[in-house]
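The following report describes a structural model for a reader who has both sequence and coordinates at hand. Please consult the display below before reading on.

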Amino acid sequence: MSLLQVDKLTMRFGGLVAVDAVTLEIPPGEIVSLIGPNGAGKTTVFNAITGIYEPSAGSIRFAGHETRSEFHGSVAILLLLTGFLTAGALILLCNIESLWEVVITGNYQYRQVFQWKPAGVAFTTYFSENSGTRLILPAVLGLFLGLAGAWAVWQRSRRTPEVAAHAGIARTFQNIRLFNQMTVLDNVLLGMDTRLRTRFWHAALRLPLFWRERRDATGMAIEILRFVDLNREVNQLAENLSYGHQRRLEIARALAMQPKLLLLDEPAAGLNPAESQSLMELILQIRERGITVLLIEHDMQVVMGISDRIAVLDYGEKIAEGTPVEVRANPAVIEAYLGKSDAST
Amino acid sequence: MKLRFHWAFLLIAALVPVVGLFVPAAQSLGELLRPIFIMAILALGLNILTGFTGILNLGVAAFMALGAYVYAILTCDIYPFQFGFWPAVLLTVLVGLLAGLMLGLPTIRLRGDYLAIVTLGFGEIVQDSLKNMDVITKGTQGINPLPAPTFAGYVFRSETYAPWYYLFLGFLALVVLLNRNLQRSRVGRAWIAIREDELAASCMGVNPMKMKLLAFSLGAAQCSLAGALWASFLGSSGEPGNYDFQVSIIALCIVIVGGMGNIAGVLLGALVVVGCNSLVLETFTNFLKAHELISSTNVYTAPGNWKYMLFGLALILMMRFKPEGLLPSRQVKAELHPHEPPPS
C-alpha cells in the first residue's frame, strides 16, 4: 500500500487552475521527485499535501487516512462549552446591573451580615419574571452564536498544517523559512515539538517531566545536528548561518519531527556542485532511516541521481511518470522543457 | 554560573529598604520603586504577548482595570464578599485568565494590525463600561476605601513602606520566575517561533491558535495581578480614567525601551520609563521651581508635563537607533558567544 495517495487533486484560485486532477502514489521507502517547468504547480501540490491549502477537489490520503482532524467527542464537548460560555456571558451582559441591584444591593446593609437566602430567592424571582427577555432570549442567542462560531472555526481548522505535521508529514520550504532569531538548537527543538509531552504547568513549575524531557530532547537534537553535519553551529542564530547551512538546518528541523514522509522543496537551489553532491548523499541517508522522500527539484543531476521514480507536471497537469530512464526518454517531457522541435512535426 | 541581570536586579532591589535604614535618600528611592514594581508586572504581562508571541496588544490597561475593580469588589466592605487579600488576589488572577480567554477566543484569528485595533477598542469599551455601570463600579468615584492587606496577622498600613515594598517585590519575583520558566521551555520556544514565522511553526506541528490563546490568557492574568496590587496600594479601585490608553502605551513603551522578549530588559525598561517619569522629571521640575527658573503657574514650562512627548521621542529614537531595546534578548548574546554550552 502506498504511503501517500493523492487522488485527482485539483486546486483552483479564482479562475486559475493551478493543479488539475493530479494523481500521485508514493510507496513507502522510495525517493520520488516532482519536476516540471516554473509555474507548473509543484509547490501548490506540496502546500495541499501539508494542509496549507484546502483542495478544491480530490482527496489526499496519508497512511490510509485523510489528513484532516475527525469529529471526536472532545470536539463536541469543546463546541458545547463555547456555546454555554457565550450564553452565560450574554445573559450576564444583558442583566448585570439590575441583577446586581436586586441580589446584592437589595440584601446587604453596610457592615451587616449578607442575607444569602433572600438573595438566592431574589435571584430566582428575577429570572422567573420576564424570563423571555431576561433569560431565554440571550441564552438561545448566545448558545447559537457560540456554537455556530465555534463550529465555523473548527470546520476551517480541520485541515491545517499542524494536522498534517502530527500525522507525520514534514517539509522544507522553497524560500528558506527558518526561525531566524532562534538558535540552531532551538530550531531543531521546535521541530521536535509534536513529540514532547511537557505542558505549560510542567514548564512553569519545573516538574521532573520538564527536566527529563529537556535533557532527552537536547541530546536527540544534537544527534540530528551531527547527522546533517551542523553540530559546530549549535548556538548560532539561524540567520547567521551560510545559505547552504540554512538549507541543511531546515532539513534537520524537519527530521526532528521523525516524519514518515519528508517533502523537500528545491533543496539544492542555490547550492554549489560540491554542496549538491553532499546533499544527495544526505537524502540517500535519510531514506536509509526509513523516511520516504518527495522532492521538488530543478537540478537534473540531483533528480536523476537519486530518484526511484519521477513525476512530471506541466501547467498543473501530470504529463509523465516513471523511472528516471523512462522520463528522460519521454517525448512529452522533452517538449515541456524544450518545446516542440520542427523536425519531429 | 554567572548571575543573570533579572536576578541581580531583584537582589539589589531587595537591599534598598535595608540601606534605607541608614541612608534617608535610599528610603525615598524605595518609596518610588513600589509603583515601578507594579508597572513591571504589567509590562511583563504585555511582554508575553508582544515580546514573545509578537501580538501587538494596545489594551493591557483594560485588564489592569479589570483586575483593580474585581479586587476592589471582592474586598471592599460596601459589598458583601469581603474576601481577604490573598484569596482576592488569587480570584482576580483567575478572572483575568478567563477574561483573556474570552477576548482571545473570537479575535485570535485576526492578524497583526487588526488584532491591535480590537485590543485598542477593548480598552475603550472596558473603561466606558466601568464608567457607566455605576451600580456596581460607583462610576467615576471608584470603589473605596479598601481594607489594608494582611499577611499572617500583620496588617500593611499605608504609613509604613518597607512591608509594601517587599510584598510587591515578592510578587514581581514570582512573575519573573514564572515567565522565565515558560520562556525557557517548549512553550516559550513555540511562542517565539510563532513570532518569527507562523506558517513554518504550524508546519512543525505547533498549533498557533492554542499557543496564542495561552499567551493571551497568561498575559491578561498578569495584567490583572498588576491591577489588583495597584488597587490594594491605592486603597481604592481608582477611577476608570486611571486606566486609559496612556497606561497601555506606557506599558508598551517599557517593553520596547527595555528590549522586546527579554525579561531583564522589561525590568530595566520599567525602571527607566517609570523612574524617569516619577523621579527625574519631578526632581527637575522642583529644582527649576526652587531656583525660580520657571514660574510655578505656567503649566507649559514644567518638564513634568512634557512626559508624554518625551516618551514619544524616546520611542522614536529607540526604534531608529536601537530597535532591539536597551537589553536585547538572549539570542543576540548567543550569537556573540557561539562556543558556550546551550543556554536553554
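## Helix α1 of chain B

The buried residues of α1(B) are His6(B), Phe9(B), Ala13(B) and Pro17(B), where a residue is buried if 20 or more other C-beta atoms, placed from the backbone, lie within 10 Å of its own, exposed if 12 or fewer, and partly exposed in between. These buried residues pack against α2 (24–53), α7 and α12 (263–290) of chain B. Helices (H or I, at least four residues) and strands (E, at least two) are DSSP runs, numbered from the N terminus.

Helix α1 (residues 5–20) of chain B has 16 residues, which at 1.5 Å a residue should span 22 Å; the end C-alpha atoms are 23 Å apart, which agrees. The expected span is 1.5 Å times one less than the number of residues in the helix.

## Basis of the model

This is a predicted model, in which local features need pLDDT of at least 70 and side-chain atom pairs count only at pLDDT 80 or more, while totals for chains, interfaces and linings use all residues. Residues are numbered from 1 along each chain as its sequence is written, and chains are lettered from A and ligands numbered from 1 in the order in which they are written.

## Chain B as a whole

Chain B contains 14 helices and two strands. Its radius of gyration is 20 Å, close to the 20 Å given by the globule rule for 344 residues, so chain B is as compact as a globular protein of that length. The radius is taken over C-alpha atoms, and the rule is 2.2 Å times the number of residues to the power 0.38. Along its principal axes, the C-alpha trace of chain B spans about 60 × 50 × 45 Å.

Of the 344 residues of chain B, 48% count as buried. Among the contacts in chain B with a separation of 6 or more, 76% are between residues 24 or more positions apart; a contact requires C-beta atoms, placed from the backbone, within 7 Å.

## The interface between the chains

In the interface, 37 residues of chain B are in contact with 47 residues of chain A. On the side of chain B that touches chain A, the elements giving two or more residues are α4 (85–107), α6 (134–137), α7 (162–183), α8 (186–196), α9 (198–203) and α14 (330–336) of chain B. The largest share, seven residues, comes from α8(B).

By residue class, this side of chain B divides into 23 nonpolar, seven polar and seven charged residues. Here Ala, Val, Leu, Ile, Met, Phe, Trp, Tyr, Cys and Pro count as nonpolar, Asp, Glu, Lys and Arg as charged, and the others, Gly among them, as polar.

## The six-stranded sheet of chain A

Chain A holds an open sheet of six strands in the order β6-β7-β8-β3-β9-β10, with mixed pairing; two strands pair if DSSP finds at least two bridges between them. At the edges stand β6 (169–171) and β10 (317–322) of chain A, each with a single partner strand, so one side of each is left without a neighbour in the sheet. Neighbouring strands are turned by 20° against each other on average, direction ignored. Helix α10 (residues 273–288) of chain A packs on the sheet, touching β3, β7 (261–265) and β8 of chain A, and its direction makes about 150° with that of β8(A). Axes are lines fitted to C-alpha atoms, for helices over the stretch in contact, and angles run from 0 to 180 degrees between N-to-C directions.

Strand β3 (residues 31–35) of chain A pairs in the parallel sense with β8 (residues 292–296) of chain A over four bridges, and Val32(A) stands opposite Leu294(A) in β8(A). Strand β3(A) also pairs in the parallel sense with β9 (residues 309–314) of chain A over four bridges; there, the bridge partner of Leu34(A) is Ala311(A) in β9(A). Both faces of β3(A) are covered, with Ile31(A), Ser33(A) and Ile35(A) buried on one side and Val32(A) and Leu34(A) buried on the other.

## Antiparallel strands of chain A

Strands β1 (residues 4–13) and β2 (residues 16–26) of chain A pair in the antiparallel sense over seven bridges. Arg12(A) stands opposite Val17(A) in β2(A). The hairpin of β1(A) and β2(A) has two residues between the strands, and Gly14(A) takes a positive phi near 65° there. Strand β1(A) also pairs in the antiparallel sense with β4 (residues 57–62) of chain A, over five bridges.

Key: Two residues are in contact if their C-beta atoms, placed from the backbone, lie within 7 Å.
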